[in-house]
Every structure is written in structure tokens, then in C-alpha cells.
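Here's a quick walk through one fold, written for someone who likes cut-offs spelled out. Have a look at the model first.

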Amino acid sequence: MLKTILLADMSNKYFRFKQFTVYQDRCAMKVGTDGMLLGAWAEVSGCRRILDVGAGTGLIALMMAQRCSEAVIDAVEIDNEAYMQAKSNIEASPFADRINIFNAAFQDFARTATAAYDLIISNPPFFVSSLKSPVYKRNIARHDERLPLRELFEAAKLRLAPEGRIALIVPAPQHIDTEDIASATGLFCIRRTFVIPVLGKEVKRMMAEWSLRKTEDMTTEFLPLQDADGVRTAEYCELTKEFFYH
């Protein structure tokens, strides 16, 4: 995970954003820059129904609710402790009446749900080959054994509206495999941004959106988070200004 560039209290039990607070003491995977970037970057114009897959603390679901004042947001989380944490964070937020959270595996949810989503968004368990943590719940959150990317794309496609989009963030070394899996599932990349933690250094993440329809004008951009002196870039500050003070 990218180094978190957010402000927390000294105990690090919560992160306070402009319009909501996210507690994370019961969740294996903590608030991080990956989720915050994806929640701020994903295209939400015209979205009336959004699905957050692997809700964790509820961060992305809350960001979607803040950005889309008319949208209903559903969130799915398989781990019971993380589900309870997200549920508590959501209920304490100003957006509680527009966010529904489900304690279920996404594959099961996709087969039984009936809603079609304009946006399906996920900060997925993408550490396929990395050394596993001895903490079982952290393994579930960080590794793709319970939700391989192929199954994520296949399940998301079941619930995607005809003009809907799927938005993910993945490690840069996996971006070609990710794009190949999406293509094999019948999805087309329409937009992507490569994340560079420090200007001049190597790319670490790719954020991308896929659609059921092919586009001739797919965009590729690069987002540096800090300059060589460790100062947050103007692009990063502009992207995240709705959520916290720089």
C-alpha cells in the first residue's frame, strides 16, 4: 500500500475527513492512500447507484456518498469485523440514509442482487504473489484468494448497468495482467491513471475504469503525489481537496 498521506489522531484509531470520520481499530486493512485516491478519482457524473466491493472501513462508500448527493450506495464486505466497523462509520456519518452495507462474499451478492449499478468501485485484494501476513484477516484483505480479479470482473459484469463503469486500483506491475483479465471478461478500458508516489520515481499504482462499450478515445494520465522534496503536488491536492485539508 502507498504510504498514507493523511492526518490522523495520535492513537491512529481514526481518520477525520472534512465531512466524516473513519474509525479503523477493528479492521484488518487500515485507511490508506490507495482507497482515498480511487474514491476521489473515479468518475461519478450521472451516477444514481454505486457499489463498493470490499468496503473495509467504509471509506470509499462514504466518499461516493459525499461526491454524489443523489446516489444510493451499496457496499459489500466479507469479513464480519470489517463489516461491523464500516457499518458503525456509515451510521455515524451524514450519509447514513443513502448507504447500505452487506456482510457477504461479492460473488454471492452479485448472483442474488437485482440492482444494476452505474459505477462498481473496488480497492481489491491484489497482493497475489507477496509474502503472506501471519494474521488471517489481513491475508483475506490483502490477497486475492477469496476474490480473484477474474471473479471480481465476472461478478461485477453481472451487476453493471449498460452504460456503467468498473473502477479499480492495482499495483503497477500487475496492470497488464489486470487489463488482459478484464478484456477476456468482455470489458474495455476507457480511462487510466498511473500513480507516482514521488515525482521522477517509478510508477506504483494504476487506477483504471472499464466499460461494456469500447471507446476510441481512452485516456492515459500520470499522477505524481509528491515532488522530490516531499511536498504534495498541486495535482494531488486538487484531486483530494474535497476530503481533507492540505
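This is a predicted model: local features need pLDDT of at least 70, side-chain atom pairs count only at pLDDT 80 or more; totals for chains, interfaces and linings use all residues.

Residues are numbered from 1 along each chain as its sequence is written, and side-chain values use heavy atoms, with hydrogens and water left out.

**The sheet**

Helices (H or I, at least four residues) and strands (E, at least two) are DSSP runs, numbered from the N terminus. Eight strands form an open sheet with mixed pairing, in the order β5-β4-β3-β6-β7-β9-β8-β10; strands pair if DSSP finds at least two bridges between them. β5 and β10 each have a single partner strand, so one side of each has no neighbour in the sheet. From one strand to the next, the twist averages 15°. Inside the sheet, β3 (residues 49-53) runs parallel to β4, with five bridges, and Ile 50 sits opposite Ile 73 of β4.

**Helices on the sheet**

Two helices can be set side by side. Contact means heavy atoms within 4.5 Å; axes are lines fitted to C-alpha atoms, for helices over the stretch in contact, and angles run from 0 to 180 degrees between N-to-C directions.

| Helix | Strands | Angle to β9 |
|---|---|---|
| α1 | β6, β7, β8, β9, β10 | about 40° |
| α7 (residues 175-184) | β7, β8, β9 | about 10° |

How many residues of α1 are buried? Nine of its nine (residues 33-41) are, where buried means under 20% relative accessible area with a 1.4 Å probe, protein chains only. Among them are Asp 34, Met 36 and Trp 41.

**The cores**

A nonpolar core is a set of buried Ala, Val, Leu, Ile, Met, Phe, Trp, Tyr and Cys residues joined through side-chain atoms within 4.5 Å. The largest has 43 residues, and Phe 17, Phe 20, Ile 50, Leu 119 and Ile 121 have the most contacts inside it. α2 is its top contributor, giving seven residues. A second, separate core of 28 residues includes Leu 51 and Phe 106. Back to Ile 50: leaving out residues up to four places away in sequence, its contacts include Met 64, Tyr 117, Leu 119 and Ile 121.

**Asp 79**

Asp 79 lies in the loop between β4 (72-77) and α3 (80-91). Asp 79 is buried, at 13% relative accessible area. Its side chain reaches the backbone nitrogen of Glu 81 at 3.2 Å.

How values were computed
Buried means under 20% relative accessible area, exposed over 50%, partly exposed in between (1.4 Å probe, protein chains only). A polar contact is a pair of N or O atoms within 3.5 Å; within protein, one must be able to donate a hydrogen and the other to accept it, and residues adjacent in sequence count only if both atoms are side-chain atoms.
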